Each structure stands twice: as C-alpha cells, then as structure tokens.
Amino acid sequence: MLEVLRQIVQEVNSASTLEEALGIIVSRVRVAMGTEVCSVYLREEDGSRFVFSATEGLNQDQVGIASLAPGEGLVGTVAEREEPLNLENAENHPNFRFFPDLGEEHFNAFLGVPIIHQRDVLGVLVVQQAEHRRFDEGEEAFLVTMSAQLAAVIAHARVTGAVDSDEVAAGAPTKISGVPGAPGIAIGTAVVISPIADLYAVPQKFVDDRRGELKAFRGALGRVREDIRGVADNLGGELSPEDHALFDVYLGILDDSSIGREVVSLIKEGHWAQGALSKVMIEHIRHFERMEHSYLKERAVDVKDLGTRVLAYLQASDKEEQVFPEQTVLVGEELTASSLGEIPRDRLAGLISVRGSGNSHVAILARAMGVPTVMGAVDLPYTKLQGRNLVIDGYNGTVHLNPPPEVLSRFEAIVDSDRELSRDLESLRDQPCVTEDGHRMPLWVNTGLMADVSRSLEHGAEGVGLYRTEVPFLLRERFPSEEEQRQIYRSQLEAFAPRPVTMRTLDIGGDKALPYFPIEEDNPFLGWRGIRVTLDHPEIFLSQVRAMLKANAGLGNLRIMLPMISSVSELDEALELIHRSHREILQEGVETPLPRIGVMVEVPSAVYQARALARRVDFLSVGSNDLTQYLLAVDRNNARVADLYHSLHPAVLGALQQVAEAARAEGKKVGICGELAGDPEGAVLLLAMGYDMLSMNATSLPKVKRALRNVSLVEARALLEEVMQHEYPGAIHARLERFLAEHGMENFIHNPVA
Ligand code: PEP
Ligand code: MG
C-alpha cells in the first residue's frame, strides 16, 4: 500500500494544473481501492459551498455545477464534522440528500473523508460502491492517509493554478498566506532570485531576443557535450563497452532530435533559455520517475544531472546585469542574509521567502532595514512570479496578487498613514525615553550591517545592545582575519563612541551557516551553535576577542557578550579565554581596558541558573528570540509551527521576570536584545519587570519610545500584574492591544485588510 500511496502522490505532484491533479486522484484512487466511484468535492474560496470537482464513476457533466453547503448531505456532513463517514447504505443516513443529476442512485456503500490542510477543510474525498457493505478498516485507513497526503498538494495546486491561469493575468485576485516577517506594506514588482544550478528554482520569463537565447542554449549544450566526451576519453581504457554505451546514451539525450528539440521549440515560442530548459527537463525527469521499471526510473537521475550541467553553463554565460525595478520585491525559496546584499537598498521594497519564519535571521535583518517581509509562504509558486505586480502585507504575513482596486487603495492608505506616523515619530529623535512619571528607560539598538549605524543614530539610539558579529562573517567567502575584524569592529565602536557597543561573539549554527564553514545537522537549533562552536574552535574565538580588544584601544566603549550559554562551565571557559587574550594584548604593548562582559540568557537552563551566571559577569541580556523557541519547543525558523511561537506566552513572561529578579538580587544590570524589546506591547511589560535597558532594531525604536512616553511606570506595573493572571497568550495580546489603544496608539495596530 505504501508504494501505491507514494506513486499516486508523486503523480499528483507532477500535475501542472489543479484539474489534472484532481483527475489523477480520482482515477488512481478508484483503481487502488477497487471501487466503482471516486469523487472530490472542493470548498469554494469563500468557504460557502463544496463543489463537485472531479469524478470517476458519476456524471461528469455535473463537475463544477453540483455543490453542497457545509452540513448539507453526506459530503457536507463529513466537511462539517471533520471526520470520516463510512456507511453500508448511504440512503439510510438522516443527512442523506439525493442529487438526481449526479447518477448516484445505484451506489449504496459510501466512504467520505475530509481533506484538511493546516486545520482548514479544503474538501472531501469520496468513494462509493453498489454493493451493500461497510468499507473495512484497512480501506478507511488508506483513504484517510491518501487524503492527508494530498491535502498539501491540493492546496499548492490551487494557488499555482490560480497564478497560472489567464484569468489571473486579467486580474483575478489571489491571496497567499505566509507568516509576518517585517512590518509594513510594499507594493511592487517581483524579482525571483534562484540558487545556482537548481532546475526547480528557475524563474519563468519571456524574452524578445529569441535568437540570442537559442545561441546561448546551443553554446551551453556544446560545452556539456565536450565535457562528457572528455570524461569518456579520460576513462578510455578503464571502461567496458557497456559503460561506454552509457556515455552515448547521455549524448543522445541532448541530441537535437530529442530533448534538445523540445527546448528549442519553447525558446522559439519566447521562453528564455533557462526557463525552457527547466520546463522540459522537469517533465522528462518526472516521466522517468513514474516508470515502473527500476532501471528506467533511475534514468531520471541522469536526465537531472545533464539538465543541471546545461543550466550551470547557461547561468555562467548569462552576463546580463540583473535589472531591478524601482520597487523590487525580492522573492526566493530561501532568502538569506547575503541575498539582501544583491540589490541596491533604494530599489528594495519588500521580501518574500517561501521558507523560514518570523524569527529567522533574514527576517530580523529585514526588520532592521525596515523592509516589509513575508516569510513561510509555503504555497507560493514563486518561480512563476517574475515581473508580477503584487502587494506584501508584512503586518499580517500575506501576499496579494492582482488585488481588486478597493483593496489596493486600502493598502495605499496604510502606506500613507505609515509614512505619516514615521514623520510624526521622527520628532521624538532628540527626546529622552521617559515615562509619564519620570522613569528613564535607555533604548539601544541591535546592529549587524554597516547601514544600521546611520539609521540607529538618526533614530536616537543610546547604545548598541547587540552587534551581531556573524553578519560580516556571513557576507564573506572565508573567515575574516584578525586585522580585518579589528577594522570592522573599530568602525562600529567609533561610530557610536562614547555610547557603549555590545559585541556578541560569533553566533553561527542554527539558521546561520557560513558558506565556507557548513554545519550539517538534523537538529541545528539544538546542535553545534554559538558558544559551543567557538569553544571547540578557540582559534576562532581568540582571534575574534583579540580583534575586539584591539579595536577598543583608546575608545573604551566595548562590551563583550556571550551567546547560547547553557551551563556555568561554558561561561568559565569563555571568561578564561577573554582574560588570557587581554593579558597577551597588554604584553604586546597595546593599551586597552578589560571591557564589561555579559551573558545572553536564551536557553532555559540559563534562566534557572541566572544568579550563578550573573555573579560571574557584569550584565545579563535576554535573547528572547531563542528563549521563546527553547521554552516553547517551537523552531523559530519553521513556518508550520509559527502559530505556536508566542513571545507573550505566560511561560515566557514568567521566565523574563525571573531573570530580572535574579540580576537584581546579584546587583547586576539586565537588558533584553530579542525582538520582544522592539514590540511596543512587550516593551511596556519589560519596563514594568524592571529591565534596565531595551535593545531593538533601529526601525522599532521610535515606536517603542512613543509607547513608553505615553505610559507611566505605575500603570505598566498594574498592567503586568493583571496580564500575569492570564493563562492564554491570545488574551494577553488582546489586553495589551487594548492598553495601547487606550493610550493613544491605536495606529500601532494592524488588522488584515483582505
Ligand atoms: C535572541 O535569540 O533573542 C537574540 C537576540 O539572538 P539571535 O536572534 O541573533 O539569535
Ligand atoms: Mg539568539
């Protein structure tokens, strides 16, 4: 059964339209289960009805016509109850409804299962049979398994189909849900960025210069042929005649009479060479994958390999400078920090990443840069969006293709009011962050990119609470030398002097892999990360600390902070290395003070040992992004569980309180540098908990300042006491929204437009 399931899912996956996918489902499931009827009913976009969408065995003429409301008939009942219905005789069920045109009258046995994707009932899958019998347990389990697997495929095909159809080009609105990445609305043109030599990630686009594309394709093909002949010649004597024949097969595949011809004909229709190649190759790969015979099935690997080689040559010869439209929305399967560097900042309007979530590091950078971003748009057929106009709602995590004029104008109105709000907030630049009852709260910034410096100073930052040193490491092709690092750190320290700059030692691992130091793990967030890596590689740690200490000579505004500390011994070791570096540098004749040293509290064990940690250092700083992920066991990078990632979860708030109390008990300062500090709702609670400093991305700073200036410490404490009685994160969030609205900040709240 497993093999049958796998095959059906694979076939459905390779369908290019929703209709085709449904057609494959009904015919294959009917055969696999040996039933007389298999049909799919799909829910309409507005959720009001379930439409008879595909069938084998019932009346085809009714496809797209017959429909039922939720709760109506047996299909509506399955959808409403969200559970299978298995009946020996359908007619006897009280909810049975007879549709004369469907041709159901001969069928007695009925088994219907809901098709559910991310808690959403997309439709109902039904099998029917004339014989009076109950489908057995095995059959029911098979259909349930089938439906669970098909749900994601159908959801994806639905969106892809909508994007593909001519209807959309003519203006049919399509909304795709993801996860909020960075707040704001962007209205712009999609530019798809694709990884090198990945046939499945090539954007589809049309070009005028067909002759040029043909030439490029033939050139790339020629290079691959030469390569293959070269390999065959080199191996000459070692190859058996059969092996030699394999190379001939390879060359044959690329022949003008075979795949090559298909690519050429697509190019002649106007496809660019890379798109034509990927289309044709993917079709052939799927064709081979579907074959029964295992030898032929494996040929899919050869075809893929060939296609990838040709694509690599095409990409290498594609010297044409990428042109970015004025309002570029960068779209990619997995955007990374370095992909942000590919485009001039003044052209970058927004970002969409198919993978990742709101606390992925690329989203954090986007927030720092003030670029509206949607993450985890898993159903987005991103390769088909090249050149499309779209709207990104970074507040709610949605992408809108062809929004109707009234929706577009509502988005435009938000853009205007955001602009007005930020002008209004600019006036706060030189105002201190003081509550109505005179409590002063220092607001610091998180930095990483050089561009953050000017933004931070413009927004009135009083210091840097977190300089993510891994960012300059991410943007290079090898580890920077000690001297290169010294220069980078020096410019940070100088830019903010005399304000303090807190430099965190290298925090790689998790979702931050250096291209030149890959870490492959099954559970990267629970693996070799942060201090664990640098303690295992003292040479990396020492050269970084030495560079920081030297950069601090004559300035004295450096603070050093250690990430991912999960036990006291790690801290002891790291402190020992820092002190050793300092002694050595003094011996080398460089006058530099020993900086203040702090620990990040971002692992639950550090919360419980906060006093022991605080005793050993000058300050604590809570990394609430990781602390939330580890307390709630929710991968911050996984869109599927993004709904469970609540920074305002009562357990997280309890831990934050506990850390503040521990630091106070040891007479040490405590700050926070996770994204919660930059959320006006979180900031009010952190003020009440007694945090000494909030560090956030520069974009959030003016909003947080406005929020804290509009409240009193007394009110904030009362609010904290009240919300700590709540048991649900949603209730806390709702209470905080109300609090902001009551304090003149209703324009900080953004509900979905459409
Ligand atoms: C955190 O975890 O809260 C933090 C500030 O560090 P990062 O987001 O870089 O992991
Ligand atoms: Mg962290």
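I began with Pro498, which I found in the loop between helix H15 (482-496) and strand S17 (501-504), where helices (H or I, at least four residues) and strands (E, at least two) are DSSP runs numbered from the N terminus. The peptide bond that joins Ala497 and Pro498 is cis, with omega about 5°.

Before going on I noted that this is a predicted model, in which local features need pLDDT of at least 70 and side-chain atom pairs count only at pLDDT 80 or more, while totals for chains, interfaces and linings use all residues. Residues are numbered from 1 along each chain as its sequence is written, chains are lettered from A and ligands numbered from 1 in the order in which they are written, and side-chain values use heavy atoms, with hydrogens and water left out.

I then looked up Gln118, which has a positive phi of about 45° although it is not a glycine; Gln118 belongs to the loop between strand S5 (109-117) and strand S6 (120-129).

Along the principal axes, the C-alpha atoms fill a box of roughly 85 × 75 × 50 Å.

Next I turned to ligand 1, which 17 residues surround, the closest being Arg468, Arg504, Gly623, Asn625 and Arg636; a residue counts here if one of its heavy atoms lies within 4 Å of the molecule. By class I noted 4 nonpolar, 5 polar and 8 charged residues in this shell, with Asp, Glu, Lys and Arg taken as charged, Ala, Val, Leu, Ile, Met, Phe, Trp, Tyr, Cys and Pro as nonpolar, and the others, Gly among them, as polar. Helix H11 (361-369), strand S16 (464-468) and helix H21 (624-632) each supply at least two residues of the shell, and the largest share, 3 residues, comes from H21.

Among the polar contacts (pairs of N or O atoms within 3.5 Å), I recorded an oxygen atom of ligand 1 at 2.8 Å from an N or O atom in the side chain of Arg468, and one at 3.0 Å from such an atom of His361. A polar side-chain atom of Asp626 lies 2.9 Å from an oxygen atom of ligand 1. Taken alone, ligand 1 exposes 290 Å², and the protein buries 100% of that, by the Shrake-Rupley method with a 1.4 Å probe.

Methods. A polar contact is a pair of N or O atoms within 3.5 Å; within protein, one must be able to donate a hydrogen and the other to accept it, and residues adjacent in sequence count only if both atoms are side-chain atoms.
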